[in-house]
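Here are a few notes to read alongside the structure. Take them one at a time and keep the picture open as you go.

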Amino acid sequence: GSSSTEVVLDSHVLEWRRDNERGFVFVAMYGAVLKGKLGYVGPLLDKLVKKWAKHLEGRKELQDAKPDEVSRGPEDWDQVFTRLLRSAEMSDLGTLKPPVPPARPDAADAAAEGVSQLKIKGKGKDKERPASGKGKKAAVFPAAVSSDPNKKLSKSQAAALDRSGAGDRTEEQILQDARDTFLPTSGEVAGWDQSDEEFEWDEEEEEGDSSSADSNSWTASLRTAISQVSGNRTLTSNDLTPALAAMRATLESKNVASDVAQQICESVHQSLLGARMSTFSSVKSLVVPALESAITRVLTPTEPLDLLKMCKSRRSRPFVMAFVGINGVGKSTTLAKVAYYLKSHGHSPLIAACDTFRSGAVEQLRVHSDCLGVPLFQRGYAKSPSDVARLAIQHASTSANDCVLIDTAGRMQNNAPLMAALKKLKDENGPDVVCFVGEALVGNDGVNQLRMFSKALAPASAKTGVDCVVLTKFDAVSDKVGAAVTMCGVTGVQVAFVGTGQKYNHL
């Protein structure tokens, strides 16, 4: 079994969980001023103990080793810990209340005093003013520069006060900062290479007694209902209907659209109807696979998109991928991540700077281009995006680049002229894949954006003008990931990637 305790030492608090059976201790230390404010530390330690125990299962060489011989854990332990810590922090945000600023007892008196000084003598007449002189006060410079505040500064003294160039950095310094920000660290595993186990459902605390499960978890309502069914009997509609109604409400609270939530519940109903309780060892083993299967069917496209295969199959011209979306969702950074992904798999991408409207867009891509070691094709600003894309494709055809990634300017989905210009770029250049980039944070509003972009870009003979979706900031939505489920369920468009961080391999 495991035991737990905490102690305050000087200015720090130590919390730990001890696994007596295996001889391991997990310790968390933080400042004493935070005592009582970090409610997630205890549950986090519990999860770490269970994760570690799960890692030891079936590994005899670790079970027989001394604690100090396996203290570093598995090679991916840092990533597992980071994921659990991030999840714990996000779950704790909902319990925090913003600090209330202290009341100012003199605020009313100060306001009354200010009003009393504004004595209006009549309409159109001057108001009384305090006798403080006219105009602005003269600037007073520090004594270190000038002992006489009214004396004119010399050129050398003025230069000493000039800070406009203090932050100037060389291009190499700027590039190095960008590399530190975006390039992965040595030995870091890319998101697309991580195993499924690292993204498994975080439900360890729900094993055993289903009554201990969080009432707001994805499967809590179903597990609670089914756990009350006893005896050697099969599940009926009467057993499932109330639980599925509660589960539908839970799905909708996770940003799943109501019609998609209903579709998932009907699928779960079909999976569980007629199941015999005696054939299952636990409630979790019955409920979780049913829900996973239902969501998987929604997320699985009829025609899966394989970018690497499409790149390899192109012969007459390079593979072309255009990135579209509204302003500020991270299209340029997402494009750079996809470029890193393609380059990591042996391809030679070319970045096309077709956002010729937003100031700094080309320079932003230049930084990514230099970080990645990928060529950038650009023609500056105030040019036709469609023409720049066409020239970029022609350039790639005569060079060693086998794929072209087109960056476009952000635009609102209801701006008809700008959407028409984007349609022109698509029609004239025929990209193999049009990728819609949206934020996972916006919830179901992202579905409306996707629908309108898809409708505006769709050719007359097709139902959709968008081929895939990339959801950014996916690491910041906790378990409210229903936007991805809804986008697939409503539009049928595949979610190709999700952004899980700032670095290029966080994809």
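How close do the axes of helix H15 and helix H16 come, and at what angle do they cross? Please keep in mind that this is a predicted model.

1. Let us begin with that pair of helices. Two packed helices are described by the angle between their axes and the distance between the axes. Here, the axes of H15 (residues 416-429) and H16 (residues 445-457) come within 9 Å and cross at roughly 55°. An angle between 35 and 65 degrees falls in the oblique class, so H15 is oblique to H16. The crossing of the two helices is right-handed. On the H15 side, the contact is made by Met-419, Leu-422, Lys-423 and Lys-426; H16 brings Met-452, Phe-453, Ala-456 and Leu-457. Sorted by kind, the residues of this contact are six nonpolar, no polar and two charged.

2. Next, look for the largest nonpolar core, which has 52 residues. The members that touch the most other members are Met-321, Phe-323, Val-338, Leu-342, Leu-405, Phe-436 and Phe-453. You have already met Phe-453, in the contact between H15 and H16. Helix H12 (residues 331-344) gives the most to this core, with six residues. Leaving out residues up to four places away in sequence, Met-321 touches Leu-307, Val-338, Val-404, Leu-405, Ile-406, Val-433, Cys-435 and Cys-468. Another core, of 22 residues, lies apart from the largest one, and Val-256, Ala-261, Ala-290 and Leu-291 are among its members.

3. Now find Ser-267 in helix H9 (residues 258-272). Is Ser-267 buried or exposed? Its relative accessibility is 15%, and buried means under 20%, so Ser-267 counts as buried. Although Ser-267 and Ala-290 are 23 residues apart in sequence, their C-alpha atoms are 8.2 Å apart in space. Beyond its neighbours within four places in sequence, Ser-267 is in contact with Ala-294 and Arg-297.

4. Helix H17 (residues 482-491) is worth a look too. Seven of its 10 residues are buried, so H17 is largely enclosed by the rest of the structure. The buried ones are Gly-482, Ala-483, Ala-484, Val-485, Thr-486, Met-487 and Cys-488. After H17 comes Gly-492, with a positive phi near 75°.

5. Finally, move on to Asn-505, in the segment after strand E10 (494-498). With a relative accessibility of 1%, Asn-505 counts as buried. Which residues does Asn-505 touch, not counting those up to four places away in sequence? Asn-505 touches Pro-184, Glu-188, Val-189, Ala-190, Gly-191, Trp-192 and Tyr-340.

Notes. Residues numbered from 1 in each chain as written. Predicted model: local features only at pLDDT ≥ 70, side-chain atom pairs only at ≥ 80, totals over all residues. Heavy atoms only, no water. Helix = DSSP H or I, 4+ residues; strand = E, 2+ residues; numbered from the N terminus. Buried < 20%, exposed > 50% of the residue type's maximum accessible area, 1.4 Å probe, protein only. Contact = heavy atoms within 4.5 Å. Axes fitted to C-alpha atoms, helices over the stretch in contact; angles between N-to-C directions. Parallel < 35°, antiparallel > 145°, perpendicular 65-115°, else oblique. Left-handed = near helix turned anticlockwise from the far one by under 90°. Nonpolar A, V, L, I, M, F, W, Y, C, P; charged D, E, K, R; others polar. Core = buried A, V, L, I, M, F, W, Y, C linked by side-chain atoms within 4.5 Å.
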